[in-house]
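Subject: Handover of a predicted structure

Dear colleague,

Please find below the sequence and the structure that I am handing over to you. A summary of what was found follows directly after them.

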Number of protein chains: 2
Amino acid sequence: MSLPAEFALIARHFAPLAGEGALGLTDDAALLDPPPGRTLVLAADAMVAGVHFLPEDPPDTIGRKLLRTNLSDLAAMGAEPVGYLLTVALPRGTPEAWLAAFSAGLAADQAAFGLRLLGGDTVSTPGPACLSLTILGLVPPGQALLRRGARAGDTLWVSGTIGDGALGLRVGQGRLPADPDGHLQRRYRLPEPRLALGQALRGVARAAMDVSDGLLQDCGHLCRLAGCGAEIAAGAIPLSPAARAALDADPALLGTIAGGGDDYELLFAAAPEAEAAVRAAAAASGIPVTRIGRFTEGPPSVTLRDEAGRDITPPTLGWSHV
Amino acid sequence: MSLPAEFALIARHFAPLAGEGALGLTDDAALLDPPPGRTLVLAADAMVAGVHFLPEDPPDTIGRKLLRTNLSDLAAMGAEPVGYLLTVALPRGTPEAWLAAFSAGLAADQAAFGLRLLGGDTVSTPGPACLSLTILGLVPPGQALLRRGARAGDTLWVSGTIGDGALGLRVGQGRLPADPDGHLQRRYRLPEPRLALGQALRGVARAAMDVSDGLLQDCGHLCRLAGCGAEIAAGAIPLSPAARAALDADPALLGTIAGGGDDYELLFAAAPEAEAAVRAAAAASGIPVTRIGRFTEGPPSVTLRDEAGRDITPPTLGWSHV
């Protein structure tokens, strides 16, 4: 009595990723005993081939990117990862080698970030590959970082560098000359979830989120929930050397950098007097942070200013998935 | 500062479904404080238009079907539902009326089954609609029903009736004359998760699962995990009047009934001496159960027998999604 094809695929490529409570992926559901006195943090993201990743992207980076975008949501809440559930809808005839590389990428990141596969589903689709991942994390009660809570007068901070992902996408599409050392494309394919920084910012940041849809649009979410405005100094936005070189060559790329998305950096508000605590959190987590602006009185809006203080906000603040 | 289209859609159609801890779907993740001393039960299922549902199915039943197939996984574990996360990849230009009906169906079932939306993601796809749902439930520690645990000599039981879903799919495809009162199509579109029965079977059933891929194939899973065989009496398989009429008209439909799937009934093993306890659990939950066979010594296999004891097992035991 042999296993049908679906279950053989799961046994070969996904069961090795399953951890405690996953029951070897052979049951109807997984079991998880959360440690007492912790709050569960739950997020889900979907990715479609041709929309959220390029079909020709290396398969080992595709699952990792989805996992990392979800890990970035946990980072934005100040949570620690525990496990995930994954559903994959794949075109019929997807080669086994693709699945093997896809799951090998997941295995590497599970080890790197300390979490396990708990369950999922594998189905076929007549359309493009469609992946969905639900992640579970833990945070001490009452200590989750939320998007709401910024106040006029707060300082605005961002981790790492902005724009690499959006520029890396353009490189992959052939719309930008290749970056010499592959930094931009690597950042597009494999974002770096800022888990240690998010955890260190618990009790320090007043509001936080991760930048996925573009710095300006995402800053708008913080403003909308806080009922205030924000001003960002274009010259303060932290750039990688590769992004700096691209911007120097074509100043019009500022819109791509500030509005393009796929950054997965943390964007957060802090009280002006918390600057030393913010810098200590960054030092403790080994992740650089940059003060890029401040929250202002007034209706929700985000204004990008040049060094002379002129409003250079692009007409569209970001992009929407639908 | 207006909301981008994606967020406006979420605010209009999904935020009203969001419950406690979902933070209005405006944050990076949801927060959930599980009650102390309970084990979390987690499952995820995906559905693709044209594969798992018919594109012309009423949109209010599509979300409900996905929710109910996941609730059926909780039922199979003896768990009570808590909440769910939902990702939807929709073709560009999906009408708002479709989304409104889709979410209205979910709202009705949330109320009926006592759970809430905790989070998710909405993206666009150039392909068919692709939906993924992760469900969370709770069970007392050590009391989850598992697929493993059947023993040779155990009795084999199933809830409700078998075959309606697979026949209902054929009706929808025009491959079977329409059922007069729509029972078969209704069962295909809206399975009935057997939550109360699953909970009542805690401590009674030795192994359990829900029938989604076909009675015979799914029974094979119980056998494989138990290292034993099973015999099913074809004449004992419980049928609705509509399925009975279809089978009487075309005896070859037995293969569809026993192998077709989409039943979402509970299939479970019990010790021979537990028959009274099984019947008491069925009576307490108001869900009929039928004894359809028994587990046997020997290697994993499932044998379907007619009333004369002849082996009438179809050559393929079920179907696989890949």
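I begin with one pair of strands in chain A. Strand β7 of chain A and strand β9 (residues 266–270) of chain A run antiparallel and are joined by four bridges. Strands here are DSSP runs of E with at least two residues, helices are runs of H or I with at least four residues, and both are numbered from the N terminus. Two strands count as paired if DSSP finds at least two bridges between them. Within this pair, Ala207(A) is placed opposite Ala269(A) of β9(A).

The model is a predicted one, in which local features need pLDDT of at least 70 and side-chain atom pairs count only at pLDDT 80 or more, while totals for chains, interfaces and linings use all residues. Residues are numbered from 1 along each chain as its sequence is written, and chains are lettered from A and ligands numbered from 1 in the order in which they are written.

The sheet of β7(A)

β7(A) and β9(A) belong to an open sheet of six strands in chain A, ordered β7-β9-β6-β10-β8-β11 with mixed pairing. Its edges are formed by β7 (207–210) and β11 (301–305) of chain A, each of which pairs on one side only. On average, neighbouring strands of this sheet are turned by 25 degrees against each other, direction ignored. For such values, axes are lines fitted to C-alpha atoms, for helices over the stretch in contact, and angles run from 0 to 180 degrees between N-to-C directions.

Helix α2 of chain A packs on this sheet, where it touches β7 and β9 of chain A, and its direction makes about 170 degrees with that of β7(A). Contact between two residues requires that their C-beta atoms, placed from the backbone, lie within 7 Å. Helix α7 (residues 215–226) of chain A lies across β7, β8 (229–233), β9, β10 (289–296) and β11 of chain A, at about 135 degrees to β11(A).

Further pairings in the sheet involve β10(A). Strand β6 (residues 155–159) of chain A runs antiparallel to β10(A), with five bridges between them, and Val158(A) has Thr290(A) as its bridge partner. β8(A) is also antiparallel to β10(A), through four bridges, and there Gly229(A) faces Thr296(A).

The two domains of chain A

Chain A is divided into domain 1 (5–139) and domain 2 (155–305), with bounds that come from an automatic or database domain assignment. In chain A, the C-alpha centres of the two domains are 26 Å apart. Contact between them involves 17 residues of domain 1 and 18 residues of domain 2. On the domain 1 side, helix α2 (residues 59–77) of chain A supplies the largest share, 12 residues. That side consists of seven nonpolar, four polar and six charged residues. In this classification Ala, Val, Leu, Ile, Met, Phe, Trp, Tyr, Cys and Pro are nonpolar, Asp, Glu, Lys and Arg are charged, and the others, Gly among them, are polar.

The contact of chains A and B

Each chain brings 65 residues to the contact between chain A and chain B. On the chain A side, strand β2 (residues 39–48) gives the most, with nine residues. By class, this side has 36 nonpolar, 19 polar and 10 charged residues.

A second open sheet contains strands of both chains, five in the order β1(A)-β2(B)-β5(B)-β3(B)-β4(B), with mixed pairing. Its edges are β1 (30–32) of chain A and β4 (116–125) of chain B; each has a single partner strand, so one side of each is left without a neighbour in the sheet. β1(A) is joined to strand β2 (residues 39–48) of chain B by three bridges, and the two run antiparallel. In that pair, Leu32(A) is opposite Leu40(B).

The relation of the two copies

With kind regards
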